[in-house]
Amino acid sequence: MSSGSGVMGGGYGRHSAAQHVGIGTALGMLDRAVAALPLPEGGRALRVADLGCASGGNALEPMARVVSAARERAPGIPVAVTHTDIRGNDFNALVETLAAPDAYPAEAGVFAYAEARSFFSPLFPPGELHLAWSSIAVHWLSRVPLPIPDHVYCSGATGSVREALRERSAADWRSFLRHRAVELAPGGRLVVVGGAATDDGASGAEGLFGMVVAELRARIDDGQLSGDGFAAMTVPTWNRTSGEFLEPLRRGPASDWFGLEEEAFAELPDPVHDRYVRDGDLDAYAREVTASFMAAFGPSLFTGTGAGGGAEDPLVRSFRAGLAERIRAHPGDARTNWRVQLLRAARTDAPPPR
């Protein structure tokens, strides 16, 4: 991925409530994957990959469940977890997260590692992994094939640009599956929670991104952002439909490497909006939505402007203040009901791809 593409902003762990809800929908699927795993014997470690870890906060519960479930079957089995993300990720924050006394690596015989490479490339030696887990990460693209005219988000793309984004996403997903097929041992499991869309392309965040585009246009009007700067701003994601997620697992080479065991599509509640409805604190709601947006998308959105999402940059400060004001004026429009695709697949005995 290019610089800024898929990099989480500061405070992502504190401002990722929606992502945490998405992960929660897949915990049962993860439990069933561990229950079906052929566990290594002879004192060898169970090797697990957390693909797209960000700062690690949302990995603690799933990885703790993996350790617990594996040790119910094989008491004391060593467990090695490698957390991966792209080079620009905040690995210092990840280390701090994993070093907390109540984090899963504090348990004896549990080992945590980090790797700074894209999951669209090889990450592990052939046949090394037993379980691969990825949550709310595979919607990021390896690169943006074309800028999105008059918008910054995939839902706003039309025509040839939309098709180029779709094709880039399909190629990335095939690469992801091919590399995992090499890395997983026969009988290993892959569990993915991916940002998704309904068949009309809606991800559930169109209202919020409409506010974002309106606020960026206001920054053009006041001279803080140039037209060329706006044209360079793209959130490098594509939210796949269920069909786009599942097609390569049902037809083509990936269907030989993996047996699809379970899949589900879900529309998530918005915990931040729900809290606002309960407590009526509009200012807190606007602050949290703005902070969550900037943590998830700020670095990639502002990379082309030179601001990079930094909180002290005048453009970023103005954008944040203006977006929060728009949310206060129209709180319902900022509600996000993200869609996710869940899947569990087993690595077959077929030879790994070349």
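Two strands pair if DSSP finds at least two bridges between them, and the elements themselves are DSSP runs numbered from the N terminus, helices being H or I with at least four residues and strands E with at least two. This is a predicted model, in which local features need pLDDT of at least 70 and side-chain atom pairs count only at pLDDT 80 or more, while totals for chains, interfaces and linings use all residues. Residues are numbered from 1 along each chain as its sequence is written, and side-chain values use heavy atoms, with hydrogens and water left out.

The sheet is open and has 7 strands with mixed pairing, in the order S3-S2-S1-S4-S5-S7-S6. At its edges lie strand S3 (110-116) and strand S6 (258-267), each of which pairs on one side only. Within the sheet, strand S5 (residues 184-196) and strand S7 (residues 339-347) run antiparallel and are joined by 8 bridges, and Gly194 stands opposite Gln341 in S7.

Helix H4 (residues 91-98) lies across strand S2 (79-85) and S3, and runs at about 175° to S3.

Two further helices pack against each other: the axes of helix H10 (residues 271-279) and helix H11 (residues 282-302) are 9 Å apart, at an angle of about 170°. H10 and H11 are therefore roughly antiparallel to each other, a term that applies to angles over 145 degrees. In this contact, Val272, His273, Arg275 and Tyr276 in H10 meet Leu282, Tyr285, Glu288 and Val289 in H11.

What is the volume of the largest pocket? The largest pocket has a volume of about 240 Å³, where a pocket is an open set of points on a 1 Å grid over the protein atoms alone, fitting a 1.4 Å probe, with protein on both sides within 12 Å along at least five of seven lines, and lining residues have an atom within 4 Å of a point. Among the 17 lining residues, Ala170, Trp173, Arg174, Glu247 and Pro248 are the closest to the centre of the pocket. Helix H5 (159-183) gives the most to this lining, with 7 residues.

Conventions. Axes fitted to C-alpha atoms, helices over the stretch in contact; angles between N-to-C directions. Parallel < 35°, antiparallel > 145°, perpendicular 65-115°, else oblique. Contact = heavy atoms within 4.5 Å. Points joined across faces, edges and corners; volume = space filled by probe spheres on them.
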